[in-house]
Amino acid sequence: MSVGAMYPGTFDPVTNGHVDLVRRAAKLFDRVVVAVAASPNKTPMFTLEERIGMARIALADAPNITVDGYAGLTVDYVRHHGLRVIIRGLRAVSDFEYEFQLATMNRHLRSEVETIFLTPAEEYTFVSSTFVREIGVLGGDISPFVPPGVATALARKRAELGL
């Protein structure tokens with residue numbers, strides 16, 4: 001039986017922690033969809049198209065990983081695309097309460113969908129898109145925390161926004 005999984009997120013921008021998680025998930029599932037959420041309530045720095053593009057470049061060499069954008073409920077995307085699992089990352093204990101509530105709500109909405117939690121490699125436990133954006137906007141070096149090209153994209157965005 002083929003089992004597909006979805007790794008949803010805003011990915012504003014995609015980090016090495018995201019890449020680590022999705023590559024490890026790709027060893028567990030036949031196919032993994034990195035689903036970049038439109039997230040209009042979060043007002044992302046990068047457009048949906050930019051975030052999809054950065055994730056596609058970072059994961060281009062992985063044959064069973066695809067990147068797609070979406071809006072709406074995550075469980076609806078899972079059902080519509082024939083997936084069975086939602087992957088969520090837990091960096092710290094503080095992430096658990098929110099992620100547990102989210103997984104429980106998703107199970108209530110679609111009982112056939114399971115959520116699996118993965119933890120990042122130790123070197124990425126402190127890396128978040130929020131920190132990366134802040135460091136990058138302030139002119140700091142984010143290259144150790146992001147795939148090649150993301151640092152360039154953030155520098156370009158910084159200039160575009162006049163920061």
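Biologist: Which residues form one aromatic cluster here?

Modeller: In this predicted model, Phe96, Phe100 and Phe117 make up one aromatic cluster. Across the whole structure, a search turns up 5 aromatic pairs. In one of these, Tyr70 and Tyr77 sit 5.2 Å apart, centre to centre, with 50° between their planes.

Biologist: How should I read that angle, as stacked, tilted or edge-to-face?

Modeller: Planes under 30 degrees apart count as stacked and those over 60 as edge-to-face, with the rest tilted. The Tyr70 and Tyr77 pair is tilted.

Biologist: Are Tyr70 and Tyr77 buried or exposed?

Modeller: Both Tyr70 and Tyr77 are buried.

Biologist: What about the largest nonpolar core: which residues touch the most other members?

Modeller: A nonpolar core is a set of buried residues joined through side-chain atoms. The largest one here has 34 residues, and Phe29, Val32, Leu59, Ile65 and Ile87 touch the most other members. Several elements each supply at least two residues, among them strand S1 (4-9), helix H2 (48-58) and helix H6 (150-160). H1 gives the largest share, 5 residues. There is also a second, separate core of 11 residues, including Ala35, Ala37, Tyr70 and Val113.

Biologist: What does Val32 touch?

Modeller: Leaving out residues up to four places away in sequence, Val32 touches Ala5, Tyr7, Val22, Ala25, Ala26, Asn64, Ile65, Thr66 and Ile87.

Biologist: And which residues form a nonpolar patch on the surface?

Modeller: Leu73, Met105 and Leu109 do, with about 280 Å² of accessible area together. Leu73 lies in the loop between strand S3 (65-70) and helix H3 (74-80).

How values were computed
Residues are numbered from 1 along each chain as its sequence is written. This is a predicted model: local features need pLDDT of at least 70, side-chain atom pairs count only at pLDDT 80 or more; totals for chains, interfaces and linings use all residues. Side-chain values use heavy atoms; hydrogens and water are left out. Patches are made of residues with over 30% relative accessible area and no salt bridge: like charges are joined within 9 Å, nonpolar side chains (Val, Leu, Ile, Met, Phe, Trp, Tyr) within 5 Å. Accessible areas come from the Shrake-Rupley method with a 1.4 Å probe; for residues, only the protein chains shown count as cover. A salt bridge is a side-chain nitrogen of Lys or Arg within 4 Å of a carboxyl oxygen of Asp or Glu. Helices (H or I, at least four residues) and strands (E, at least two) are DSSP runs, numbered from the N terminus. A nonpolar core is a set of buried Ala, Val, Leu, Ile, Met, Phe, Trp, Tyr and Cys residues joined through side-chain atoms within 4.5 Å. Buried means under 20% relative accessible area, exposed over 50%, partly exposed in between (1.4 Å probe, protein chains only). Contact means heavy atoms within 4.5 Å. Rings of Phe, Tyr and Trp (its six-membered ring) pair if their centres lie within 6.5 Å; planes under 30 degrees apart count as stacked, over 60 as edge-to-face and the rest as tilted.
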